[in-house]
Every structure is written in C-alpha cells, then in structure tokens.
Amino acid sequence: MNFDWNDLQFFLAIQRAGTARAAALKLETSHSTVMRRLQNLEEVFGSTLFDRTPNGFVLTEAGGHILEKAQSIEADVQQMTKEVAGSDIRLEGPIRLTAPPPLIQHLLLPHLNAFRLEFPLIDLELVATYEVTDLDRREADIAIRFSEHPAEHLVGRRMPDFNESIYASEKYIISHDFTGEGRSGKPKPEWVAWPDEKSYTNRIKPTPFSDAPITWRLPGFDIQCAAAHEQIGMVMLPCSIGDKDEKLKRVPRAGVYPSLPVWLLMHPNLRKLERVRVFSKFLAGAITAEKELIAGNKPRK
C-alpha cells in the first residue's frame, strides 16, 4: 500500500473545514493537492471516506472509523512533540465547543475572549444549541451538558451546581400578591413559562407558587426576561441571568432551586490533544470562578 502518514493531516483538515477548498486555505496549499491526498487515502483503504454533498464533505461510516484513529495519531504526535520540546510547544488548531445558548451568552463569552487573546492560534468554534451534540461523531470536541447521567464512555468533570430562582419586575411585585394569604386584594402572580407545560409544571413544584397559573409560554430565557420586563408575569431563571438583570428582582418568598447537574465532557480520544486539554482546564476554571454567581449566592443589591 502506498500509504503516506501525512495524508491523515489532509483528511483531518477536510473533516474540520467541511470542504476541500477551505482545507486547502487552512493548509496553505492548493485544492488539487488536497483532493489528490484524499484520493490516495481512499485508494489505500479501498473506501470512500467522504460523501461529496452540495453542503460540503460529510464523513462516511468508513471515514468515521478513520477519523477516530487519525485524531488519536495526531494526539500522540502532539504529546511526543511536547515531551521532546518541553513546554514551548505551540498551541494551535481548531476546537469546537457546544453548550446551551444562555450559558455561552451570559456566562462564558468574556472568558472565551480572554482565552482567545491568550492563545490566538487556537481557532475556537462555538455551537450554541440545546440539542445533544454527538461527540462520538466529532460534531464537537468539548460539550457542556445539563444531565443527570451523561454517557459513561465520555470523560470530563462535574461543574459547580447551577441554581435558579424566581424573578419579576419591581412594579409587578408591588402590584401582585406574593404573600399567598389572599388578603391584600391584589391579583395573584402568574408564570411566564417555556412551551413544554408539563416540564415547567414539574420545575415549579418546589416553589411557593406551584399553583399559580401559566398564562404565557415563550421559548428562550431572553424573551422570557423581556416579558418579565413588561410586567407580564414572573419567570424562573438561572441565577447567573436573573441576578445580573437590573430590571428584575427576586420575588418575595423565592428560594434557590437546583438545576440538572452540569458536566464538561469530551471524547476519551481527544484528552491527549494538548490544545483540548489546555482549553478544558481553562473552561473548568472559568466556570468554577463564577460558582457564587451560578449558585445564586450573589444576588444583585
């Protein structure tokens, strides 16, 4: 077999860039060279490694098997280089992080920018989604997930506990009866919830307002906050969002309520990659540094 180990670099570049042309730009070579290297690999393995689609190159099943081995080889080479060259190894290359949109927007962005400035050769890509991104298919390198039981084969660590509380505008609090006694003559508060009413009903059971009606169902914390600003109702928010919102206050009798456990996870084959190891350590430290805020121990005065 006319196998060249360097062809794996081209294979990985195509997988990460999505097209041969983008991979060529990344590798500072020509489109024809990238295609020739890929063709050589496909001839060696006797399989098509990518389906060519209008939206780019998509891994085939055979390509998925090659990807796992190629990333492992890349990690071993980087580790060997680190051991030989000491701490002067250059940290560069792509890292794809997936996390829920509010976590990225309200907590992580300042930290991610600090990381980018410290390691400018690492190309961070953010996948802001509530969906469970498949780490086995390398749809992301690192995931932050809210889950009771993450997949056992993934590696990582549990993050500090995230808590939630109940918020409303000051005018809404003044004009509604939050005492639960019904003697003030004011109307009872109402919930602004997310669309899944059953899930939200379970979520508010531990609160003093479990029997309050759900009158609005709005997707996303940002639009729920906007509704609360407009005195439409009270909302259940992560403390990292609600306590920083100057237009909202915790309602009377509101406690803090735990969310699902939060995990920082990666595929075991990637933990040997130095850039992934450094970024995951940085990310864990950044979240831990905010533990008082995310636990709800720093309400706005």
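In this predicted model, the buried residues of helix α1 are Asp-7, Leu-8, Phe-10, Phe-11, Leu-12, Ala-13, Ile-14 and Gln-15. Helix α1 spans residues 7–17 and is mostly covered, with 8 of its 11 residues buried. Directly after α1 comes Gly-18, whose phi is positive, at about 95 degrees.

A five-stranded sheet is described next. Its 5 strands form an open sheet with mixed pairing, in the order β4-β3-β5-β13-β6. The edge strands, each of which pairs on one side only, are β4 (122–128) and β6 (155–158). On average, neighbouring strands of this sheet are turned by 20 degrees against each other, when direction is ignored. Within the sheet, strands β3 and β5 run parallel and are joined by 2 bridges. Opposite Ala-143 in β5 stands Thr-98. Helix α10 packs on the sheet and touches β3, β4, β5, β6 and β13, and the direction of α10 makes about 35 degrees with that of β3.

| Strand | Residues |
|---|---|
| β3 | 93–99 |
| β4 | 122–128 |
| β5 | 142–146 |
| β6 | 155–158 |
| β13 | 262–266 |

Helix α10 also has a helical partner. Two packed helices are described by the angle between their axes and the distance between the axes. For helix α5 (residues 101–118) and helix α10 (residues 274–289), the packing angle is about 140 degrees and the axes lie 10 Å apart. The crossing in which α5 passes α10 is right-handed. On the α5 side, the residues that meet α10 are Leu-108, His-111, Leu-112, Ala-114 and Phe-115. Their counterparts in α10 are Val-278, Phe-279, Phe-282, Leu-283, Ala-286 and Ile-287. Sorted by class, this contact of α5 with α10 comprises 10 nonpolar residues, 1 polar residue and no charged residues.

The loop between β13 and α10 holds His-267. Is His-267 buried or exposed? The relative accessible area of His-267 is 8%, and the limit for a buried residue is under 20%, so His-267 is buried. With neighbours within four places in sequence left aside, His-267 is in contact with Glu-68, Leu-135, Asp-136, Arg-138, Asp-141, Leu-154 and Val-155.

Key
Residues are numbered from 1 along each chain as its sequence is written. This is a predicted model: local features need pLDDT of at least 70, side-chain atom pairs count only at pLDDT 80 or more; totals for chains, interfaces and linings use all residues. Side-chain values use heavy atoms; hydrogens and water are left out. Buried means under 20% relative accessible area, exposed over 50%, partly exposed in between (1.4 Å probe, protein chains only). Helices (H or I, at least four residues) and strands (E, at least two) are DSSP runs, numbered from the N terminus. Axes are lines fitted to C-alpha atoms, for helices over the stretch in contact, and angles run from 0 to 180 degrees between N-to-C directions. A crossing is left-handed if the near helix is turned anticlockwise from the far one by less than a right angle, and right-handed if clockwise. Contact means heavy atoms within 4.5 Å. Ala, Val, Leu, Ile, Met, Phe, Trp, Tyr, Cys and Pro count as nonpolar, Asp, Glu, Lys and Arg as charged, and the others, Gly among them, as polar. Two strands pair if DSSP finds at least two bridges between them.
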